[in-house]
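The sequence and coordinates come first.

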Amino acid sequence: MHDGSLFRLGIDLETGATHEEAHTSGRKADIYAEVPVRDIFDESRDDHFIRRDGKIFAGTHLIIEVVDGEGLDDQARIEQAFRDCVDTCGATLLHIHTHKFSPQGVSGVAVLAESHISVHTWPEIGYGAFDVFMCGDAQPWKAVEVLREAFAAGDVRVKELLRGEEVVADRL
């Protein structure tokens with residue numbers, strides 16, 4: 001691999017310039033002179049970061065606890081809940097993998113273009129620990145009601161983390 005293989009990744013994607021085009025044009029030093037500088041809060045930036053309430057972050061990560069839930073030992077029900085979350089939240093499903101434990105419990109992940117949904121269940125006490133992490137235009141908060149209904153939960157507890165909140169804006 002030559003030293004240009006990761007040549008200013010991101011900016012090259014924005015301008016469309018390839019490593020070869022940049023270096024064969026004879027403008028090594030000023031290749032980025034024509035790239036317009038855009039405000040990091042500009043909604044038209046194609047970086048999939050979230051801009052909300054004056055903050056920029058990588059994605060919304062919800063820690064969702066299903067309490068007094070039913071069907072938390074049913075692998076097919078969990079996979080369907082993942083699919084329903086993906087559809088309702090406006091995400092893009094890439095892959096689902098679940099594992100059924102003996103004598104009970106299921107762990108699984110739905111890999112999304114926008115990140116992931118994961119779960120570990122303890123059906124013997126009616127508890128499911130879900131993570132819903134999404135970036136871009138997906139709406140992860142819509143997953144809360146989907147999970148409440150899917151498992152007839154007596155209680156659902158949610159904590160929100162804005163992933164990269166303290167990092168992303170400093171690096172753009």
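The sections below take these topics in turn.

## Basis

This is a predicted model, in which local features need pLDDT of at least 70, side-chain atom pairs count only at pLDDT 80 or more, and totals for chains, interfaces and linings use all residues. Residues are numbered from 1 along each chain as its sequence is written, and side-chain values use heavy atoms, with hydrogens and water left out.

## Nonpolar core

A nonpolar core is a set of buried Ala, Val, Leu, Ile, Met, Phe, Trp, Tyr and Cys residues joined through side-chain atoms within 4.5 Å; buried means under 20% relative accessible area, exposed over 50%, and partly exposed in between (1.4 Å probe, protein chains only). The largest such core has 29 residues, and those with the most contacts inside it include I64, F82, F130 and F151. Elements that give two or more residues to this core include strand 3 (59-67), helix 3 (75-89) and strand 7 (127-134). Helix 3 supplies the largest share, 6 residues. Helices (H or I, at least four residues) and strands (E, at least two) are DSSP runs, numbered from the N terminus.

## Cysteines

The whole structure has 0 disulfides, a disulfide being a pair of cysteine sulfur atoms within 2.5 Å. The C89 sulfur is too far for a bond, because the closest cysteine sulfur, in C85, is 5.6 Å away. C89 is buried at 2% relative accessible area, and C135 is buried at 18%.

## R51

R51 lies in strand 1 (residues 50-52) and counts as buried at 14% relative accessibility. Its side chain reaches the backbone oxygen of F49 at 3.2 Å.

Note on methods
Polar contact = N/O pair within 3.5 Å; in protein donor to acceptor, adjacent residues only side chain to side chain.
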